[in-house]
Amino acid sequence: MIKLNNKKYIALLICSIIVVIVATLSVTFAYLSFNSTQEGTNEINTGCFNIAFQDGASINSIGYPMNDDLGLSSTPYTFNLTNTCNTNAYFAVILNIKNTTNSNILPYIYYSFDDTNVFMLSDASKMTLPSNLIDSSVIDSYVINFGTLSGLQNKSFNLKMWIGNEAGYSIMNNKFVAEVMIYSMPNDELNFNTVTLKNLLPDGSFEDKSKSSLSGATFDYNEYLYGNASVKLAAGGTRMINQTIATSPIVGHVYYGRHSIKTNGNATPADCRFEWFNGDGLGKNFVFGLNNGNHSTWYTQSAVLTVTAVSGTGHMLRSFTVNSNVDVWTDGLMIIDLTEAFGSGNEPSKEWCDANIPYFSGSKSIVINGD
């Protein structure tokens with residue numbers, strides 16, 4: 001095993017994050033601060049395997065809820081990894097959540113390593129670390145970045161973290177405490193496996209409106225869960241969104257589909273479906289969810305389906321309501337070919353997918369624990 005300063009196994013405490021939200025008559029929030037406990041350079045040596053780490057100034061970010069634009073404009077915490085050898089080195093940037101953290105603040109923590117891509121901490125892949133790498137105060141470990149450093153490569157990281165503006169007053173008087181840990185190794189000794197998933201839908205969060213065909217439905221720029229808009233399926237009549245899917249269902253393949261919906265009452269449409277569609281009947285439509293129910297906040301629904309027959313071609317995304325009594329919003333639509341990603345017979349369960357696959361558009365690599 002590789003040790004750092006003969007004290008820890010490639011576990012480097014970079015920063016601690018403490019959020020204390022306090023209430024006054026004017027509902028003033030406290031500050032979110034990243035306090036660096038590491039300065040200068042550490043070198044990790046085991047023969048020809050050698051990585052140098054150097055951190056920068058700590059972050060001071062305002063700890064009240066904010067939108068993504070403000071979060072992305074905050075000052076980052078910068079650190080660097082350098083592989084000083086000619087052999088490849090695996091690395092993982094892991095955020096360890098401490099047991100002094102209040103669980104109800106976790107759904108509102110966002111982070112970014114660039115000025116574009118924003119991620120929810122609760123959507124990051126969890127990883128079970130060996131007990132000799134963490135202390136008993138760590139309750140969960142999230143992989144927030146990972147990759148490979150080729151020989152002599154240097155990589156810089158700019159970590160920004162903030163509280164999402166949807167948190168509101170619910171996080172008052174709560175605390176969030178975590179540590180960032182760099183784990184590096186000359187080989188994949190943690191079974192640090194990854195799998196690349198592809199969302200078959202061209203635009204499940206409606207970033208590019210040209211990829212969706214609406215019939216009786218509208219884009220809503222005020223009510224959304226992902227991106228900058230949702231699709232509103234208003235009460236009354238037939239409201240529908242369609243998207244062309246480049247591939248057709250494959251017999252024997254297992255697919256994971258999910259969507260999120262919100263309503264302004266108890267929706268009881270005459271008909272409503274989120275489906276892969278080419279008509280009704282065996283092999284023609286594959287239903288992953290329904291646009292109904294009473295959901296005053298965003299509700300995510302999912303299903304895992306095995307395709308036993310395919311009839312015709314040109315299957316497309318279709319999500320709709322017919323004569324709904326209330327408005328329904330839909331966002332975060334995904335269909336993933338689990339067989340293509342994991343291999344036949346190795347497809348994960350719906351419960352595993354719900355816990356480990358966040359919403360994404362295009363392709364995304366996720367970490368799979370080796371246990």
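Contact here means heavy atoms within 4.5 Å. Residues are numbered from 1 along each chain as its sequence is written, and side-chain values use heavy atoms, with hydrogens and water left out.

To stay with Thr 300 for a moment, this residue is found in strand β24 (residues 299-306); helices (H or I, at least four residues) and strands (E, at least two) are DSSP runs, numbered from the N terminus. Thr 300 is partly exposed, with a relative accessible area of 40%; buried means under 20% relative accessible area, exposed over 50%, and partly exposed in between, using a 1.4 Å probe and protein chains only. The side chains of Thr 300 and Ser 260 are joined by a polar contact of 2.7 Å. A polar contact is a pair of N or O atoms within 3.5 Å; within protein, one must be able to donate a hydrogen and the other to accept it, and residues adjacent in sequence count only if both atoms are side-chain atoms. Between the C-alpha atoms of Thr 300 and Leu 333, 33 residues apart along the chain, the separation is 9.6 Å.

With a relative accessible area of 3%, Asn 199 is buried. Its side chain reaches the backbone nitrogen of Leu 201 at 3.1 Å and the backbone oxygen of Leu 333 at 3.2 Å. Leaving aside neighbours within four places in sequence, the contacts of Asn 199 are Leu 333, Met 334, Ile 335, Ile 336, Tyr 359, Phe 360, Ser 361 and Gly 362.

Now for the sheet. An open sheet is formed by 5 strands in the order β15-β18-β25-β21-β22, with antiparallel pairing; two strands pair if DSSP finds at least two bridges between them. Its edge strands, β15 (213-215) and β22 (285-289), each pair on one side only. Inside the sheet, β21 (residues 271-277) and β25 (residues 316-322) run antiparallel over 7 bridges, and Phe 277 stands opposite Met 316 in β25.

Most residues other than glycine have a negative phi. Leu 152, however, is not a glycine and has a positive phi of about 70 degrees. Leu 152 sits in the loop between β11 (138-149) and β12 (154-163), and counts as exposed at 56% relative accessibility. The other case is Asn 323, where phi is near 55 degrees, again positive. That residue is found in the loop between β25 and β26 (328-337), and at 49% relative accessibility Asn 323 counts as partly exposed.

As for confidence, the chain averages a pLDDT (the predictor's confidence in each residue, from 0 to 100) of 79, and 80% of the residues score at least 70. Over residues 1-49 the pLDDT is below 50, and this stretch has 158 contacts in the model beyond near neighbours in sequence. Residues 58-62 also have a pLDDT below 50, with 20 contacts beyond near neighbours in sequence. Where pLDDT is low, the predicted coordinates should not be read in detail.
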